[in-house]
Amino acid sequence: MTYPHQPCPQAHQPQPFPQAPQPLPYQQSPRPPQPPHDSPATRPDKDEPAKKPGRDRYLDLLRAVALVRVVIFHLFGWAWLTVIFPSMGVMFALAGSLMARSLARPAATVVRDRLRRLLPPMWAFSLVVVPIMFALSWKPVREEGLWWFVKLGCYLLPVGSPPFPEESGSPGGFFEVSWADQGVGPLWYIRAYLWFVIASPLLLKAFRRLPWVTMLAPIGLTAVLGTGLVTIPGATGEAILDFAVFGSCWILGFAHHDGLLKQVPRYLVVSSAAIVMGFGLWWASGHLTDEGWNLDEIPLAQSTWSFGFCVILLVYAPSWRKLPDRLAGWDSLITLANNRAVTIYLWHNLLLMASAQLVDQLWNVPWVGDHLGSYLESSYTVLTFIAVWPLLGVAILAVGWVEDVAARRRPRLWPNGAGKLPEKPPQARTGGHARAR
């Protein structure tokens, strides 16, 4: 990149004004001229170590809230939660921002590292779930032949939807007949995440060439596929629809990372997002399902509402290197949730069913079942919600360390950041004046 040439001063002639540099695209803003490498401005200060880019605690907070909301929704089934806080859109937007940050490195290396972090926790999950399904009399489908075994490979590489028995176990038994459906159901998110990771190098190039078109194109695709104008049958159609519904949120993460939202007046961004969200609610009101305002069942409403919601969350995003005082008490739990996000998401549905089984055992406790049975029944769901968190803690202790191994970190049982030493302030130099910062 060239910079305006400054002519040598002449005493006998006036100096012309230097030409202003030509404007560049938003992601390639010109640097100011750099001082010589041996100048005091660029000479490293021995007393001030280089700062590594830390975690954005605001994004960590959003991810933790999204995980808790997913657990609450899958237990209580309150459809309005998908409107109050669209967790999946938020999680994809955050992941897209982190992916754009990672793609400063070679794309092949980034994709490989992301797959390495994603797949081992899923393999640990599959290693438990698949043998149980076979033990409960699950068998290959003869009509599908070899293709059935190919689909079974999605438990190793989730490019598609893995198969599972529609009914397994027994009514009233420890494994309810729908346990496999509920337990394997959350794997759609892993499949969608995998697709986004693989596509991200191309998506990021397209975004930086045509940012607004690329960011809004998935909503247009959802308007075609999610409304029935074009139908792609089977698991392939479901995967493409999921990619379209949350694609704009993922690419919005690119915009947040690159600072595109800051290039537009905030009032214009917020008002445009409100219009998109209003359209989503209007569309949902005319396409309500048996579950009411469950946006998960209304693709176009989910896509537009989640996108507008995430725009507002990110346009007002503060830059927190640590949580503010009013949230500081939650710091360790937020850190734990982010370090074990994949484990919590993969196992929470199975553990919700296990929690219900534990609550059922209260009726077998002497005196409790006879005298408190009506209270137990009225608070059944709340008791299940209370019981699931200790079980999630057990899952974190038992298999959460796989996430560390996958990330090539030292395995940790309970990574809540409690053992981390606080940063020491830099010491002033002796024998001279400390450099102003």
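**Entry 1: H8 and H9**

I began with H8 and H9, which are roughly antiparallel to each other (angles over 145 degrees count as such). The model is predicted, with pLDDT of at least 70 needed for local features and 80 or more for side-chain atom pairs, while totals for chains, interfaces and linings use all residues. Residues are numbered from 1 along each chain as its sequence is written, and side-chain values use heavy atoms, leaving out hydrogens and water.

I looked up the geometry. H8 covers residues 211-225 and H9 residues 234-258; they pack at about 165 degrees, with axes 8 Å apart. Axes are lines fitted to C-alpha atoms, for helices over the stretch in contact, and angles run from 0 to 180 degrees between N-to-C directions. Helices are DSSP runs of H or I with at least four residues, strands are E runs of at least two, and both are numbered from the N terminus.

H8 passes H9 in a left-handed crossing: the near helix is turned anticlockwise from the far one by less than a right angle.

I then listed the contacts (heavy atoms within 4.5 Å). From H8, the residues include Leu 216, Ile 219 and Leu 225; from H9, they include Leu 241, Gly 247 and Ile 251. The contact residues split into 13 nonpolar, 4 polar and no charged. Nonpolar means Ala, Val, Leu, Ile, Met, Phe, Trp, Tyr, Cys and Pro; charged means Asp, Glu, Lys and Arg; the others, Gly among them, are polar.

**Entry 2: H8 and H11**

Next I checked H8 against H11 (residues 299-315). Their axes come within 8 Å and cross at roughly 160 degrees. H8 and H11 are therefore roughly antiparallel to each other. This crossing is left-handed.

Met 215, Leu 216, Ile 219, Thr 222 and Ala 223 of H8 meet Pro 299, Leu 300, Ser 303, Thr 304 and Phe 307 of H11. I get 7 nonpolar, 3 polar and no charged residues here.

**Entry 3: H12**

I turned to H12 (residues 331-339). Its buried residues are Ile 334, Thr 335, Leu 336, Ala 337, Asn 338 and Asn 339. Buried means under 20% relative accessible area with a 1.4 Å probe, protein chains only. These residues pack against H1 (57-76), H13 (341-360), H16 (380-399) and H17 (401-406).

**Entry 4: the whole chain**

The chain has 17 helices and 0 strands. Of its 437 residues, 42% are buried. Among contacts between residues at least 6 apart in sequence, 72% join residues at least 24 apart.

Methods: Angles under 35 degrees count as roughly parallel, over 145 as roughly antiparallel, 65 to 115 as roughly perpendicular and the rest as oblique. Buried means under 20% relative accessible area, exposed over 50%, partly exposed in between (1.4 Å probe, protein chains only).
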